[in-house]
Amino acid sequence: MMGGAPSSSTISTTVVIQNSESGPIPFPKDGVLLSYVDVFVEQCGGKEKLMGLTTNDVCEKFIKPPTFAQKSSYCELLRSQNHPAVGTATVFISHAWKYYFLDVVDALVDFFKDDTNIFIWFDMFSNNQHKAVDFNFDWWCNTFKSAIKQFGHTVMIISPWSDPVTLTRAWCLFEIYCTIDTKSKFDVAMSDAQQELFIKDMEVHGNDAIDKMLSLIDAERSVCFHAEDKALIFDIVKKSIGFDGVNALVFNEMRSYLISVAEECFDRERRGAPKIQYGIVLGQLYTGQGRLLSAAPILKASVMAAKALLGEWHVLTVEAQTALAMLLQSQDRFQLAEPLYAACLEKRRKLYGDDHASTLTALNNLATIYSDLGRFQEALPLCERCLELRAAKLGPLHQDTLASESNLAALYRNTGQLDRAQELAEQCARSTGSSLGEDHPDTLVALNNLASILEALQRYGKAEELLLFVLDKRATSLGDDHPLTLSSMFNLAAHYRSRGRLDNARPLLKECTERRINALGPTHPDTLLALKCLANIDNDRMRMSVSTENIIEDL
């Protein structure tokens, strides 16, 4: 958070000065060398002395005392000493004052590891922490924004990785707005601790961890200490780039950055179990983003390495085989995925027992591949057993239990049990929405399944309403080019086609196809399916045109 904006801490650390009669107060553009921050830490007594202190704490204990006599900023103090560590900043640092200071430093050092001689604008150093009055909003919209343009680069510190505090602060939203509006570069950075937590969450939850994080990004949920400031910020964002514009920038940057974190971890390790683990995480990330050709060699190598180094029955071997099976399933290579899923289920049963959470995940995976193969009667008892065990082990409202309910409802539809399917799907949609939230990826999956069942029941109006809702929510919470958003776009286009509304179906499917080509590649199974359906729609329109001409001729 910019130091001139209201701080999230209880002690004001803002530099806010009234506009003078001679014109607006200029924005202080001095920054400190990033390499100097390590010197500052040592001057404070070392990392042990700063451990557990927030940026606000460090400001109170180590910035205000030495600058008190001349009532200056820390940069001004350094400049008065002709210190070489002060100069015109070229990067603006956006953060939250409640972050641990050492975590912020760690994130910056890691991000700029190839250029530590860069001057950073960090409010604790750059702003005068002894003056706190008030800027008017015109100052923010003009003087501050021109400074952001001059810097040309904003780096936002992200913590925690799964729900960053900075993305819930209205003044940080304003900083992103200024960055976008001035066409400046925007990046995010995380500390080593947050990077490790991200990797661990990926190990446990796979791409669900990323999708959940993206679903929480919503600029409109930003808060502000002063309601009038929030209203002004929201108004200017709405009238310019819009909240969707802010969300889209953050979506894309977060996805790219998290993949780069996994890539760096993978490249850093030369061999052994850590290399295998990072390979699994990176392969899952690539699969979830539709980068199937990138995922394939990494996951195949991870399986081979795990077998050779750890043996067939080691947990990492099973994890690698599961990730490879998911990749094959995403490639529509169901026949190859099925024996892998079956082998993983057998191993997990022997390793953990029948009702262990990971065993039940493997049981669910095997049921889904049977369904993909059209072997619904084989999938049905597995799915029913999985739901029964999950409900008993985890509880009826656990996320995994609700996912099993949704899967079972889809199977009831595929086996012609439409009334049972509707009842279970409606129950699942209500429970998922109330326990996880209406924007959660699992809630949207449940609603999508319900729409499919309602369409089979010929309740087309309600089905279309749900399809539109899911598409809107996925586009907002995951981004326009996320594979799940594109699936929703495809589903809605297919609905329009089934109702004979080809003029609605074709432009939507054309957009879906173009986006899939750009996001997933021209050979991805989803892209090929969209191309095939687009050709079918054109054939439908041609047949309708010929039929109409024949009718006219007959008349």
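Two strands count as paired if DSSP finds at least two bridges between them, where strands (E, at least two residues) and helices (H or I, at least four) are DSSP runs numbered from the N terminus. The model is predicted, so local features need pLDDT of at least 70 and side-chain atom pairs count only at pLDDT 80 or more, while totals for chains, interfaces and linings use all residues. Residues are numbered from 1 along each chain as its sequence is written, and side-chain values use heavy atoms, with hydrogens and water left out.

**The sheet**
- Six strands form an open sheet of mixed pairing, in the order β2-β1-β4-β3-β5-β6.
- At its edges lie β2 (86-88) and β6 (185-189), each of which pairs on one side only.

**Strand β5 and its partners**
- Strand β3 (residues 91-94) runs parallel to β5 (residues 153-157) and is joined to it by three bridges; F92 stands opposite T154, and I93 has V155 as its bridge partner.
- β6 also runs parallel to β5, through five bridges, and here H153 stands opposite K185.
- β5, helix α8 (residues 170-181) and β6 make a β-α-β unit that is right-handed, meaning that, with the strands pointing away from the viewer, the path from the first strand over the helix to the second runs clockwise.

**Burial**
- Five of the five residues of β5 are buried, so this strand is largely enclosed by the rest of the structure; buried means under 20% relative accessible area, with a 1.4 Å probe and protein chains only.
- H153, V155 and I157 point one way from β5, whereas T154 and M156 point the other way.

Key
Buried means under 20% relative accessible area, exposed over 50%, partly exposed in between (1.4 Å probe, protein chains only).
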